[in-house]
Amino acid sequence: MTTETTSAARAFRGTHTEGRSPEELRELVSHMGAELELAPAEHIIEWAFATFGERFCITSSMGDAVLAHLASTVAPGINVVFLDTGYHFAETIGTRDAVEAVLNVNLITIEPPLTVAQQDAEYGKDLYRTNPDLCCKLRKVQPLQETLDGFDAWASGLRRAETANRVIAPVIGWDARRGKVKVSPIARWSDEQVEQYIAENGVLVNPLVYDGYPSIGCWPCTRRVAPGDDPRSGRWAGTNKTECGIHS
């Protein structure tokens with residue numbers, strides 16, 4: 001189990017075998033999307049791993065290790081991509097390190113091409129405050145896009161229960177912007193199902209979740225949430241922004 005930084009991640013991508021064409025991938029989505037819509041999350045991951053092999057990865061923001069744990073049980077050694085924006089809470093980095101230590105996964109840490117200091121010098125200090133959309137683009141969306149170029153399919157822990165914007169997230173969908181198959185194995189899971197899985201399997205959870213942060217992003221743009229409020233209301237609080245752009 002190894003952690004790969006951005007330069008190593010680039011080299012890692014270069015080792016991949018040639019992938020399927022966009023037409024072939026869209027055909028897979030059209031055939032398998034409806035068939036797997038009601039399948040258990042484990043079966044969805046098994047299908048994706050069997051279908052795409054080393055050209056399939058999961059992504060994790062390390063709010064918890066539910067998806068990484070699920071994947072490690074059915075596809076040992078699976079690639080888990082973590083995006084280190086340079087603005088993460090220490091607890092998030094600690095959760096990433098713990099996942100690498102205890103789960104049978106290949107953890108790949110990617111970073112933006114610019115450090116925070118370099119971004120401040122080029123775009124002005126605290127871009128997350130002056131232009132949060134651009135900050136997310138530079139530190140999240142573009143680095144992930146570059147990394148996913150080496151894969152045919154990627155999975156995330158996206159769940160429909162999290163926000164109204166995610167209600168229509170398919171279990172197997174087509175990511176037109178990236179030209180990839182997008183897999184959401186736990187899209188249909190309720191909050192209660194997530195909590196049950198964590199309790200039954202002793203899954204790692206970011207300590208911030210128990211400190212009033214049910215949805216965890218970069219520290220400058222994440223606030224505690226009052227009991228009973230929308231779990232994502234602490235993200236970009238006081239703005240009209242609701243997503244970083246990765247899932248849009």
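Visitor: Which residue is the bridge partner of A153 in β6?

Guide: The partner of A153 there is V181. This is a predicted model, where local features need pLDDT of at least 70 and side-chain atom pairs count only at pLDDT 80 or more, while totals for chains, interfaces and linings use all residues. Residues are numbered from 1 along each chain as its sequence is written, and side-chain values use heavy atoms, with hydrogens and water left out.

Visitor: What makes β4 and β6 a pair?

Guide: Strands (E, at least two residues) are DSSP runs, as are helices (H or I, at least four), numbered from the N terminus. Two strands pair if DSSP finds at least two bridges between them. Strand β4 (153-155) and strand β6 (180-183) have three bridges, in the parallel sense, so they pair.

Visitor: What is the order of strands in the open sheet, and why is one side of β3 and of β5 left without a neighbour?

Guide: The six strands run β3-β2-β1-β4-β6-β5, with mixed pairing. β3 (105-110) and β5 (172-175) stand at the edges and each has a single partner strand, so one side of each lacks a neighbour in the sheet.

Visitor: Which strands does helix α2 touch?

Guide: Helix α2 (22-36) packs on the sheet and touches β5 and β6; contact means heavy atoms within 4.5 Å.

Visitor: Why is R26 called partly exposed?

Guide: R26 is found in helix α2. Buried means under 20% relative accessible area, exposed over 50%, and partly exposed in between (1.4 Å probe, protein chains only). R26 has 38% relative accessibility, so R26 counts as partly exposed.

Key: Axes fitted to C-alpha atoms, helices over the stretch in contact; angles between N-to-C directions.
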